[in-house]
Amino acid sequence: MSDKKQVLTANSEFYLAFLERDFDRMDGIWSRREGVTVIHPGYSLLHGRATVLESWRQILSSVHSPEIHCCNASAYINDRFAYVVCHETLANSTLIATNIFTLEDNSWKLIHHQAGPAPDLLDESPAGKPH
């Protein structure tokens, strides 16, 4: 499997853990060696594995957590690091997200996730620029 396909698979695993509200799967996706960070929409930076995973524990256990689907994922690779830019679709909105991965024991692990508001997918041209 190519590196790009492996990174996109790791990215899919992240969204599957979110969709299934599977904390153990989410825990396994995040790096255990590198410093990790997350910026949830509308919140400040969280850093450190314990803090980041506690935020995911709270999100995944909440009955108010939205159902999120990933689409338009593109992977970019540079040596030991890779990132994916994608859209997250929710019931009434679209977010744009960046997920950064590191190569750890021959597996891509998340070190950063950030998502924020994005224009509706229908309002963007194929090049990603508004009409």
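**Entry 1: a pair of strands.** I began with strands E5 and E6, and found that they run antiparallel and are joined by 10 bridges. Within this pair I looked up Leu103, which stands opposite Trp108 in E6. I keep in mind that this is a predicted model, and that strands of a sheet pair through backbone hydrogen bonds, either parallel or antiparallel.

**Entry 2: the loop between them.** I then went to the loop between E5 and E6, where Asp105 has its place. The phi of Asp105 is near 50°, a positive value in a residue other than glycine, and I noted it since most residues other than glycine have a negative phi. Is Asp105 buried or exposed? I find Asp105 exposed, because its relative accessible area is 56% and the cut-off for exposed is over 50%.

**Entry 3: the whole sheet.** I next traced the order of the strands, which is E2-E1-E6-E5-E4-E3 in an open sheet of six strands with mixed pairing. Strand E2 (46-47) and E3 stand at the edges with a single partner strand each, so one side of each has no neighbour in the sheet.

**Entry 4: the hairpin of E3 and E4.** I followed E3 to its partner and found that E3 and E4 pair in the antiparallel sense, over eight bridges. For Asn78, the bridge partner in E4 is Phe81. Two residues lie between the strands of this hairpin, and in it Asp79 takes a positive phi near 55°.

**Entry 5: helix H1.** I turned to helix H1 (residues 3-20) and checked its length against expectation: at 1.5 Å a residue, its 18 residues should span 26 Å, and the end C-alpha atoms are 25 Å apart, which agrees. Which residues of H1 are buried? I list Val7, Ala10, Asn11, Phe14, Tyr15, Ala17 and Phe18. Seen down the axis of H1, these buried residues fall within an arc of 155°, so they line one face of the helix.

**Entry 6: what H1 packs against.** I looked up the partners of that buried face, and found that the buried residues of H1 pack against helix H2 (23-29) and helix H3 (49-61), and also against the strands E3 (69-78), E4 (81-89), E5 (94-104) and E6 (107-117). As for its direction, H1 lies across E3, E4, E5 and E6, and runs at about 145° to E3.

Entry 7: I moved on to Arg21, which sits in the loop between H1 and H2 and has a positive phi near 55°, although it is a residue other than glycine. With a relative accessibility of 27%, Arg21 counts as partly exposed, because that class lies between the cut-offs of 20% and 50%.

**Entry 8: after E6.** I found Pro119 in the segment after E6, and at 42% relative accessibility it counts as partly exposed.

**Entry 9: confidence.** Last, I looked up how far the model can be read, and noted that the chain averages a pLDDT of 91, with 91% of the residues scoring at least 70. Over residues 124-131 the pLDDT stays under 50, and for this stretch the model has eight contacts beyond four places in sequence. Where pLDDT is low, the predicted coordinates should not be read in detail.

Key
Residues are numbered from 1 along each chain as its sequence is written. This is a predicted model: local features need pLDDT of at least 70, side-chain atom pairs count only at pLDDT 80 or more; totals for chains, interfaces and linings use all residues. Side-chain values use heavy atoms; hydrogens and water are left out. Helices (H or I, at least four residues) and strands (E, at least two) are DSSP runs, numbered from the N terminus. The expected span of a helix is 1.5 Å times one less than its number of residues. Buried means under 20% relative accessible area, exposed over 50%, partly exposed in between (1.4 Å probe, protein chains only). The arc is that of the directions from the helix axis to the C-beta atoms. Contact means heavy atoms within 4.5 Å. pLDDT is the predictor's confidence in each residue, from 0 to 100. Two strands pair if DSSP finds at least two bridges between them. Axes are lines fitted to C-alpha atoms, for helices over the stretch in contact, and angles run from 0 to 180 degrees between N-to-C directions.
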